[in-house]
Amino acid sequence: MERLKNFKGKWDLSLVVLLITEILIFGWINPRFLRIHVLLNSANDFVTVAMIALFMTFVIITGGIDISMGSVVGLSSVVMGLLWQELGFGIWTAVFCAILVGTLCGAFNGFLVAFVGVQAMVATLGTSFLYAGISLVIIGFSGISAAEGITGFPDSFRAIGHGEFMGLPSSIILFVALAVIAYILLHRTTYGRRVFLTGINRAAAEFSGIKTKLIILSTHMLVGTGAAIAGIYITSYLSSSRADHGATIILSVITAVVLGGTSITGGEGSIIGTFLASIIIGLMTLGLQMAGMPTQFTGIGIGLLLVVAVSIKSSMGEGNLISDLKRKFQKESK
Amino acid sequence: MIAIKKLAKMREMTALIFLVLLFVGVGLRNPDFMNAQSISTVLKGSVMYILLAIGMTFVLLTGGIDISVGATLGMAAAVAGTMIRDGSSVVAAMVVAIVIGIVIGLINGFGVAIVKVPSIIMTLGVMGITRGVMVVYTGGRWIENLPDSFKLASQVKILGGLNVYFLIVMIFAALVQLYFMKARSGRYFAAIGDNLEGARLVGISAKKVMIAAYVISGICAGIAGVVFASQVGFVTSNTGVDIEMIAIAACVLGGVSLSGGLGSVTGSCIGAVIMTAINSALIYLKVPSFWNKSIQGMLLIVIVVSDVLIHRYLEEQARKRRLSARTSVLGGAE
């Protein structure tokens with residue numbers, strides 16, 4: 001049991017080992033994978049997952065979940081494109097409004113979960129329909145072609161996705177900046193400790209004077225903001241604003257958070273873990289593609305990663321597979 | 001407790017009344033919606049959702065959730081469609097579809113019941129894997145050119161205009177409802193969802209029942225896949241995307257509690273018909289189809305929120321009654 005506990009404490013370390021193993025295996029399959037240029041640019045593709053996952057960590061630590069974020073990515077992208085092209089807003093005003101919309105979407109989720117008391121899974125299931133539906137309605141009214149989306153953004157905006165700073169692609173800078181913000185917020189402030197306490201024991205947190213409803217509301221607003229930033233980033237990177245940008249993202253996001261060591265039942269988790277897990281997932285996507293697999297295989301890979309990671313985590317607790325087996329063996333040896 | 005039981009009965013009634021009102025209300029605006037032709041179209045279209053909702057009811061009753069049913073449906077539709085196109089018999093294809101459902105259900109059930117992975121995470125992972133496998137299997141191509149006899153089977157009418165698939169599914173639903181009400185093992189599902197420890201103490205093998213629930217859900221999704229192939233006549237690589245959301249919404253509409261232990265198959269069947277009727281009502285109201293998703297989402301949110309509020313109100317009432325009963329007893333003793 002002692003060893004298991006130690007292992008659990010070293011989850012971050014095992015992620016680093018997993019990451020290095022992964023790089024070595026893919027580098028062995030295709031040496032081009034090891035070029036620093038390729039590795040740096042791979043961030044372009046996984047940074048959207050990471051942006052949401054970093055803040056989703058907060059929500060899952062409080063014991064909730066938010067599956068509507070894929071729809072928020074699409075909605076913020078569409079809102080931005082619409083404000084800029086159809087209503088003649090300045091590009092940066094449009095970006096700001098889109099991020100605001102994302103925060104509001106998160107606030108509505110948080111309101112349903114914390115104040116009305118709907119289960120997080122169910123509430124965000126409903127809002128994921130609603131937000132995706134709203135983007136379809138917006139597109140339907142403005143007469144934009146759903147397949148092409150809005151294109152032709154100015155270069156200053158496209159720099160978000162394509163710019164470079166001191167030789168680093170902008171995606172890496174955004175990724176690291178958001179990770180640092182999330183890390184400080186969760187691990188270095190009273191707010192972060194309140195998030196943890198809410199997840200560990202909500203009643204106790206409430207009795208010790210923490211307004212748990214506001215904490216839960218704020219975590220949902222954070223992930224909404226993160227999803228909107230991801231929506232802006234992907235709009236800039238692909239130079240087109242579409243409703244279906246985030247359609248399949250949620251599986252990767254939850255995998256990143258859970259693989260990062262955050263307990264799905266709340267109360268436990270770390271930003272460093274999510275940070276590392278996002279890179280692992282991103283590099284796996286890239287590596288499978290460079291190894292010549294069709295893109296569909298990544299869905300299988302990510303799904304397997306999710307199931308295996310959670311199985312390992314939950315097998316280590318009491319009353320689970322491993323302890324059951326142990327008891328059985330002990331009985332037999334007696 | 002009696003009040004809640006009454007409410008559960010009421011919930012089926014409210015769902016039914018809502019369905020009738022929907023038909024009458026839309027019928028007032030557009031009388032074409034009330035004629036036999038349109039009603040039979042709705043019933044025919046709901047067959048697939050009814051099947052999924054029946055399977056989902058088993059899982060929801062045990063307190064879990066199964067979001068892999070859409071992927072299972074797609075996988076079964078793809079494999080069965082390919083077999084039928086290549087000339088094998090419908091019965092063989094049906095058997096294979098059911099086997100696919102059983103396998104996926106066993107994986108889900110194993111993960112949830114034995115390894116103790118939270119059901120949403122387990123089925124989310126399995127969804128990702130199944131979807132990936134399906135696209136790899138079909139190579140991203142559509143499965144077309146299904147034989148006419150297979151497609152026409154979905155149009156057969158008996159007993160004065162009743163669709164044969166609908167009739168079969170109704171008989172199936174009635175049998176399941178009888179099983180839940182009369183059979184001893186039928187009550188195990190709700191018992192586990194209501195009070196897991198209590199169910200274990202009275203000798204119910206919770207793990208077996210839980211695995212059975214996921215397997216049944218998988219089987220229903222597999223059959224629904226064949227129904228889909230027969231009704232639609234082709235299978236795209238997107239088949240089954242988002243369908244799990246509609247199945248869950250149907251169950252919630254019909255009064256199945258998402259925290260387990262409460263609900264009936266009758267209710268979820270009515271819910272499934274409502275979900276289909278709304279889509280076709282929007283057509284008759286000449287509402288553009290891009291509204292569908294947001295209206296479904298809004299409806300789901302409204303229903304879930306009112307469900308929570310009604311439950312809270314009833315619990316409050318019951319608590320008050322208990323308190324007042326206690327004080328009156330104390331008063332008598334003095």
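Where does Lys116(B) lie? Lys116(B) sits in the loop that runs between α4 and α5 of chain B. The model described here is predicted.

## Two lysines with positive phi

Lys116(B) has a phi near 65°, which is positive although the residue is not glycine. Most residues other than glycine have a negative phi. Lys116(B) counts as partly exposed because 19 C-beta neighbours lie inside 10 Å, and a residue needs 20 or more to be buried.

Lys286(B) also has a positive phi, near 60°, in a residue other than glycine. The loop that holds Lys286(B) is the one between α12 (265-284) and α13 of chain B. Is Lys286(B) buried or exposed? Lys286(B) is exposed, because 8 other C-beta atoms are found within 10 Å and the limit for an exposed residue is 12 or fewer.

## The contact between chains A and B

Chain B brings 37 residues to the contact, and chain A brings 39 residues. On the side of chain B that touches chain A, the elements that each supply at least two residues are α4 (90-114), α5 (119-138), α11 (243-253) and α13 (292-333) of chain B. Which of them gives the largest share of that side? The largest share comes from α5(B), with 13 residues.

Sorted by class, the side of chain B that touches chain A holds 26 nonpolar residues, eight polar residues and three charged residues.

## Chain A and Val258(A)

Chain A contains 16 helices and four strands. Of its 334 residues, 51% count as buried. When contacts in chain A between residues at least 6 apart in sequence are taken, 78% join residues at least 24 apart.

Val258(A) belongs to helix α13 (residues 249-259) of chain A. Why does Val258(A) count as buried? Val258(A) is buried because 30 other C-beta atoms lie within 10 Å, where 20 or more are required. With residues up to four places away in sequence left out, Val258(A) touches Ile264(A), Leu306(A), Ala309(A) and Val310(A) in chain A, and Ile121(B) in chain B. For Val258(A) and Ala309(A), the separation is 51 residues in sequence and 7.2 Å in space, taken C-alpha to C-alpha.

## The largest nonpolar core

The largest nonpolar core has 202 residues. Those that touch the most other members are Ile52(A) and Val253(A) from chain A, together with Leu51(B), Leu52(B), Ala53(B) and Ala247(B) from chain B. Helix α10 (residues 206-232) of chain B gives the most to this core, 16 residues.

Which residues does Leu51(B) touch, not counting residues up to four places away in sequence? Leu51(B) is in contact with Val169(B), Cys220(B), Ile223(B), Ala224(B) and Val227(B).

## Phe228(B) in helix α10

Phe228(B) is part of helix α10 of chain B. Phe228(B) counts as buried because 25 C-beta neighbours fall inside 10 Å. Apart from neighbours within four places in sequence, the contacts of Phe228(B) are Met48(B), Leu73(B), Ala77(B) and Thr239(B).

How are Phe228(B) and Tyr313(B) placed in chain B? They are 85 residues apart along the chain, and their C-alpha atoms are separated by 41 Å.

Definitions and conventions: Residues are numbered from 1 along each chain as its sequence is written. Chains are lettered from A and ligands numbered from 1 in the order in which they are written. This is a predicted model: local features need pLDDT of at least 70, side-chain atom pairs count only at pLDDT 80 or more; totals for chains, interfaces and linings use all residues. Two residues are in contact if their C-beta atoms, placed from the backbone, lie within 7 Å. Ala, Val, Leu, Ile, Met, Phe, Trp, Tyr, Cys and Pro count as nonpolar, Asp, Glu, Lys and Arg as charged, and the others, Gly among them, as polar. A nonpolar core is a set of buried Ala, Val, Leu, Ile, Met, Phe, Trp, Tyr and Cys residues joined through C-beta atoms within 7 Å.
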